[in-house]
Amino acid sequence: MKSPLITMSALVGKPTDKDIFNYLNDLKQNGIDQVMIYPRSGCLIEYLSEEWFCAIESFIKSAEALDMSIWLYDDFNWPSGDACGRVTKNEAFRLKSIKIQGDDIGKISSKSKHNSDIFGEKFFSDLMNPKAVDLFISLTHEEYYKRFGGYFGTIIKGIFTDEPSIGYCSQNGYLPYYDGMENDYKRAYAKDFFDDLLSQSEDFCKNAMKLASAKFKESYIDKLSSWCKAHGILMTGHLMCDNEPFYSVRYNGDFLKNLSAFPLPGIDEIATCLEDRSLMPLLGGIEYAGKGKGAMAELFALGPCDMSYAKKKCMLYLVACHRVDHYFLAISHMDISGNMRVCDYFSDFAVAQSDFGGMRLLSEDAKIASELAKKDYSPDLYIRFLSILA
């Protein structure tokens, strides 16, 4: 079997065909059989340009020659859904929120300062708008398939979507909002949306979030899942704030239902916390979502650089206990310039790491962990995941 370790390979700088082959060959010689091509700050190739697709082709052909597998990443940096600003050029496709408390109640806004320390103030794509999502798919997924469709389902295994959310504009006092929400509210609850908002109806927030959650699933998650299934590959990735029940609802709506709609659902455990209280909802959520189809985890990005292989091994087996059988390793730097702007994530899965030869043994452990994750069992203890949408 191929190793279930998958490097999140940051395509930065301007690598040549030879650079790409040598990079993949180094990984292969150290027990890595799969890579995800990860567009990231520090890349000197214009994203989605012809030069970009030439680089992707070099990855694919090098992987084919080395008997490796490729996973694609569906955006530039994160979160997914915007095609590096191309979607939100259209004002109608910008994520919106509505003020539900304080002054200006009922005001609709599309501005956010989320991730301002990394990317600056920006607009986010409205993933409750099917037309915005269709544009996103046409700019990314369809362009990859047009050029490399012959590799889909063979060399190319899947596409990773990273922290899509409906809540990026919904800080304190705001809720996600989409065009036509008032009509859907009337049909669903036989009540007036703005009457309930202005009167601070007890059920208003819960009812509105149910609608936003269902719209997110229908317009984004189900669309991407159906597209990937029709094209012979897996849709994977993870949602925002998946380790905190309150925030997972704020950012995703019905978190468990929406995560379960991923063909290969995933979680984000980049801090490598073996005892943190956030592990319970995180691992419980992925076990629920991954039952019967496997799951993935994004791991290790917060390092430190000298994290022991013993600790990495412990984390692999811990997530495997909760049905996680694919392990995305964050991050593998092709060029150190990838950390010039985003410098928090510096655990490097590449030959530049002095102890990288240990990956061979970790890879063998990962194969065992992945097989154990597929075993079915009946737990002796269940812990209920409470949701305000229940």
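Reader: Is Asp184 buried or exposed?
Author: The model is predicted: local features need pLDDT of at least 70, side-chain atom pairs count only at pLDDT 80 or more, and totals for chains, interfaces and linings use all residues. Residues are numbered from 1 along each chain as its sequence is written, and side-chain values use heavy atoms, leaving out hydrogens and water. Buried means under 20% relative accessible area, exposed over 50%, partly exposed in between (1.4 Å probe, protein chains only). Asp184 has a relative accessibility of 17%, so the residue counts as buried.

Reader: Which residue meets Asp184 in a salt bridge?
Author: A salt bridge puts a side-chain nitrogen of Lys or Arg within 4 Å of a carboxyl oxygen of Asp or Glu. Helices (H or I, at least four residues) and strands (E, at least two) are DSSP runs, numbered from the N terminus. At 2.3 Å, N to O, the partner is Arg187.

Reader: Is Arg187 buried or exposed?
Author: Its relative accessibility is 65%. Arg187 therefore counts as exposed.

Reader: Where does Ala190 lie, and what is its phi?
Author: Ala190 is in the loop between H6 and helix H7 (193-198). At 64% relative accessibility, Ala190 is exposed. Ala190 is not a glycine, yet phi is positive, at about 55°.

Reader: Which residues does Asn207 contact, beyond its neighbours within four places in sequence?
Author: Asn207 belongs to helix H8 (residues 204-230). Asn207 is buried at 8% relative accessibility. Contact means heavy atoms within 4.5 Å. On that basis the residues are Tyr185 and Tyr189.

Reader: How many residues apart in sequence are the parts that Lys14 and Glu51 tie together?
Author: Lys14 and Glu51 form a salt bridge, with the closest N and O atoms 3.4 Å apart. Lys14 is in the loop between strand E1 (5-13) and helix H1 (17-29), while Glu51 is in helix H2 (residues 50-65), so the separation of the tied parts is 37 residues.

Reader: How many salt bridges does a search of the whole structure find?
Author: One of them joins Glu371 and Lys374, with closest N and O atoms 4.0 Å apart. Bridges that share partners also link Glu50, Glu143, Lys146 and Arg147 into one network. The search of the whole structure gives 19.

Reader: At what angle do the axes of H12 and H13 cross?
Author: Axes are lines fitted to C-alpha atoms, for helices over the stretch in contact, and angles run from 0 to 180 degrees between N-to-C directions. The axes of helix H12 (residues 309-320) and helix H13 (residues 359-373) come within 9 Å. H12 is roughly parallel to H13, a class for angles under 35 degrees. The angle is roughly 15°.

Reader: How many nonpolar residues are in the contact of H12 with H13?
Author: Among the contact residues are Leu316 and Tyr317 of H12 and Leu362 and Ile368 of H13. Ala, Val, Leu, Ile, Met, Phe, Trp, Tyr, Cys and Pro count as nonpolar, Asp, Glu, Lys and Arg as charged, and the others, Gly among them, as polar. The contact has no polar and three charged residues, and the nonpolar count is 11.

Reader: What is phi of Phe300?
Author: Phe300 lies in the loop between E10 and H12. At 0% relative accessibility, Phe300 is buried. Its phi is positive, though the residue is other than glycine: near 80°.

Reader: What is omega for the peptide bond that joins Gly303 and Pro304?
Author: Pro304 is in the loop between strand E10 (296-299) and H12. The bond is cis, with omega about 10°.

Technical notes. Angles under 35 degrees count as roughly parallel, over 145 as roughly antiparallel, 65 to 115 as roughly perpendicular and the rest as oblique.
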